[in-house]
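Please keep the viewer open while you read.

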Amino acid sequence: MEAESPASAGASEPRALGTVGSIGSQLSRIRRKLFTWEILKTIALGQMLSLCICGTAITSQYLAERYRVNTPMLQSFINYCLLFLVYTVMLAFQSGSDNLLEILRRKWWKYTLLGLADVEANYLIVRAYQYTTLTSVQLLDCFGIPVLMALSWFILRARYKVIHFIAVFVCLLGVGTMVGADILAGREDNSGSDVLIGDILVLLGASLYAVSNVCEEYIVKKLSRQEFLGMVGLFGTIISGIQLLIVEYKDIARIQWDWKIALLFVAFALCMFCLYSFMPLVIKVTSATSVNLGILTADLYSLFFGLFLFEYKFSGLYILSFTVIMVGFILYCSTPTRTVEPPESSVPPVTSIGIDNLGLKLEESGLPETHSAVL
């Protein structure tokens, strides 16, 4: 066997060092792309929303299990009343086109539909628990994410890259891991009275959530956060109040009120109010799809608190699920989506700069003489 010559050994060392340096630079570039200040801020805001949702879930579960109170519409009604008292009243004191009466005169029917979608989305998801299983609700609720992406594509003209679809798949994989942990931990006790009806309710509720979130992103970015919250507070209060009298008046009459139940209602309403107030701020700097991926961890926070409050069984898959969801969320946020502007006519409007000015601009741009002659 021939010995390696000193020249060839000396040549291989720079190649090896160059390979190591190249890998190190790539890893450094990936780290700078995935862990920027903007992404960390987005993660923090998304988890703040998840904690608000966790608060609503824990208070609702306490009301249902400890005090036998199942009034989701009443709880939503209180939240809409708070939005009305804060944001709708603020709109009433605005002037010009931002005034409440002016908005109602021009767009009342649009906000009626938006309020209806928001109220029914909340109601259908909660009602589905009476018919189907926890696993079905957790899995089918994710149906809202592809619906949201499709609506954003056509309505908001958002354009996605391959990394975004991979990130969504990773997040949904994390949800599947969470559902598997629930089954192994024995949380899947209720088989449901009519699974098909419950699954349909979840799909409808998730779709309405997607519609509401797309409208929210459009209004927040094109108009104002205050207008969105004020209109949702107004029409949400009216619609949920009417539905409350129709479907829950008997349940409300059976409540044995005391300070603990009242405190749980207040805690739920405050968590929902914070969720509705902060979500437009997060959507404005990110997107509705990004926010919905970030709040997939809300169920996991509820499970972690449930270990102490409701004696849930712990599973290491919960930690794995949280990690997988966060990896997918970071991947999605690492590459911004692109927005396509609506096509416009390539012929410049004559009234804006005039024929003479247009000719001068073309000449200054160094275009061929024939173009100027035509003008």
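1. Where is the place of Arg157? In this predicted model, Arg157 sits in the loop between α6 (144-154) and β1 (158-159). With a relative accessible area of 27%, Arg157 is partly exposed.

2. Arg68 is another place to look at. Its phi is positive too, at about 55°, and Arg68 is not a glycine. You will find Arg68 in the loop between α2 (37-66) and α3. The relative accessibility of Arg68 is 64%, so this residue counts as exposed.

3. Now for the overall picture. The protein chain has 16 helices and 2 strands. Of its 375 residues, 43% are buried. The accessible surface comes to about 20,600 Å², and 67% of that belongs to carbon and sulfur atoms. Take the contacts between residues at least 6 apart in sequence: 87% of them join residues at least 24 apart.

4. Which residues of α9 meet α11? Arg225, Phe228, Leu229 and Val232 in α9 do, and their partners in α11 are Tyr276, Ser277, Pro280 and Leu281. Helix α9 covers residues 225-247 and helix α11 residues 259-285; they pack at an angle of about 145°, with axes 10 Å apart. Their crossing is right-handed.

5. Next, the charged pairs. Side chains of opposite charge can pair when their charged atoms come close. The whole structure holds 5 salt bridges. Lys107 forms a salt bridge with Glu227, with the closest N and O atoms 2.8 Å apart. Lys107 lies in helix α4 (residues 100-128) and Glu227 in helix α9, so this pair ties together parts that are 120 residues apart in sequence. Both Lys107 and Glu227 are buried.

6. Glu217 and Lys221 form a salt bridge as well, and here the closest N and O atoms are 3.0 Å apart. Both residues belong to helix α8 (residues 195-222); because they are 4 residues apart, about one helical turn separates them. Buried or exposed, how does Glu217 count? Glu217 counts as buried, at 9% relative accessibility, whereas Lys221 is partly exposed, at 38%.

7. Two further items complete the tour of charges. The side chains of Asp251 and Arg254 meet in a salt bridge at 2.5 Å, N to O. Asp251 is partly exposed, with a relative accessible area of 26%, while Arg254 is exposed, with 55%. Please also look at Glu102, Arg105 and Arg106, which are linked in a network of salt bridges.

8. The relative accessibility of Val86 is 32%, so Val86 counts as partly exposed.

9. Last, a stop at Ser290, in helix α12 (residues 288-294). At 4% relative accessibility, which is below the 20% cut-off, Ser290 counts as buried. Which residues does Ser290 touch, not counting those up to four places away in sequence? They are Thr42, Phe329, Tyr332 and Cys333.

Terms used
Residues numbered from 1 in each chain as written. Predicted model: local features only at pLDDT ≥ 70, side-chain atom pairs only at ≥ 80, totals over all residues. Heavy atoms only, no water. Buried < 20%, exposed > 50% of the residue type's maximum accessible area, 1.4 Å probe, protein only. Contact = heavy atoms within 4.5 Å. Areas by Shrake-Rupley, 256 points an atom, 1.4 Å probe, with all protein chains shown as cover. Axes fitted to C-alpha atoms, helices over the stretch in contact; angles between N-to-C directions. Left-handed = near helix turned anticlockwise from the far one by under 90°. Salt bridge = Lys/Arg side-chain N within 4 Å of Asp/Glu carboxyl O.
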